[in-house]
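Reader: Hi! Could you walk me through this structure as if I were new to all this?

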Amino acid sequence: MSDNPFLTVADLRAGYGGAQVLHGVSLTVGQGEICAILGPNGAGKTTLLRALSGMVRVRGGVRLDGAELAGRSPDTIARQGVAHVPEGRGTFMPLTVEENLRLGAFVRRGRGAVDADLERICTYFPALKSRLAQVAGSLSGGEQQMLAIGRALMLRPRLLLLDEPSLGLAPMVTQELFRIVRAVNEEERTTVVVVEQNAHLALGIAQHAHVLESGRIVLSGSAEQIRADEQVAQSYLGYR
Ligand code: ATP
């Protein structure tokens, strides 16, 4: 873990109505790092990302670059530079690829900078560049996931939250997607928290990982340490 954390989650408790899902989650992520969150279905991984982006309200325990995010609206948190790509992607299907991308810049002003970012983001996603005028609903699953990530990048995020980016995608497409996430992380210095069922892929790009079970972190370490853990190997990597 980082000595000088960019994102600090401290004793985070969150849930829905009376049902508590996260029972005191603590972790840190250093600036420019990729952090993977692994764990079984229902562990609370999505709820953790929702708490970070304000979609689930929490009372305290989330700091980004020293500023408390807890209790703020999703819109305010987006303005602080947190972009959330939810499971299911949240793409506006009847709109074109370009319109979807421009929506990602909703909290920003300055058309010139937005145009330049659109151009820059298309260099990461050549498949989108050639389809800018196409409606999003006509894209393949992989292209839609690229669009969702591209739209999040239009916010110029300091923190990118990715929920199950590989869901429903073919292995080749997923590999390409993760390669692009790594490239964005390296070139833009965007800090990334990725929730992922495909532990192989996530550990392939992450520096650190945490295993969440029943709303609690049960294991934290470097990607190598987590990969070498006997139980993780059995439960999430499909060997030993
Ligand atoms: P999965 O991989 O299946 O998405 P997860 O680790 O992301 O699992 P969450 O989606 O955070 O887990 O769900 C954790 C718990 O919270 C589950 O018991 C789930 O049923 C419950 N839950 C999730 N969303 C809601 C909601 N909107 N209202 C009530 N309960 C919810």
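Author: Happy to; we'll go from the overall chain to the ligand and then to some single residues. This is a predicted model, where local features need pLDDT of at least 70, side-chain atom pairs count only at pLDDT 80 or more, and totals for chains, interfaces and linings use all residues. Residues are numbered from 1 along each chain as its sequence is written, and side-chain values use heavy atoms, with hydrogens and water left out.

Reader: Thanks! How many helices and strands are in the protein chain?

Author: The protein chain has 10 helices and 10 strands. These are DSSP runs, numbered from the N terminus: helices are H or I with at least four residues, strands are E with at least two.

Reader: What share of the residues is buried?

Author: Buried residues are 51% of the 240 in the protein chain. Buried means under 20% relative accessible area, exposed means over 50%, and partly exposed is in between (1.4 Å probe, protein chains only).

Reader: Which backbone atoms lie by the ligand's oxygen atoms?

Author: A backbone N or O atom of Ala-43 is 3.1 Å from a ligand oxygen atom, and a polar backbone atom of Gly-44 is 2.9 Å from an oxygen atom of the ligand. From a side chain, an N or O atom of Gln-197 lies 3.4 Å from a ligand oxygen atom. Taken alone the ligand exposes 630 Å², and the protein buries 58% of that. Those areas come from the Shrake-Rupley method with a 1.4 Å probe; for residues, only the protein chains shown count as cover.

Reader: Switching topic: is Gln-144 buried or exposed?

Author: Gln-144 is buried, with a relative accessible area of 10%. It sits in helix α6 (residues 141-153). Among the residues that Gln-144 touches, leaving out those up to four places away in sequence, are Arg-89, Thr-91 and Met-93; a contact means heavy atoms within 4.5 Å.

Reader: And where is Asp-117?

Author: Asp-117 is in helix α4 (residues 111-124), and it is buried at 2% relative accessible area. Its side chain makes a polar contact of 2.5 Å with that of Arg-120. A polar contact is a pair of N or O atoms within 3.5 Å; within protein, one must be able to donate a hydrogen and the other to accept it, and residues adjacent in sequence count only if both atoms are side-chain atoms.

Reader: Last one: what is the phi of Asp-65?

Author: Asp-65 has a positive phi of about 50°, although it is not a glycine. Most residues other than glycine have a negative phi. Asp-65 lies in the loop between β4 (62-64) and β5 (67-68) and counts as partly exposed at 48% relative accessibility. Ser-214 also has a positive phi, about 45°, and counts as exposed at 56%.
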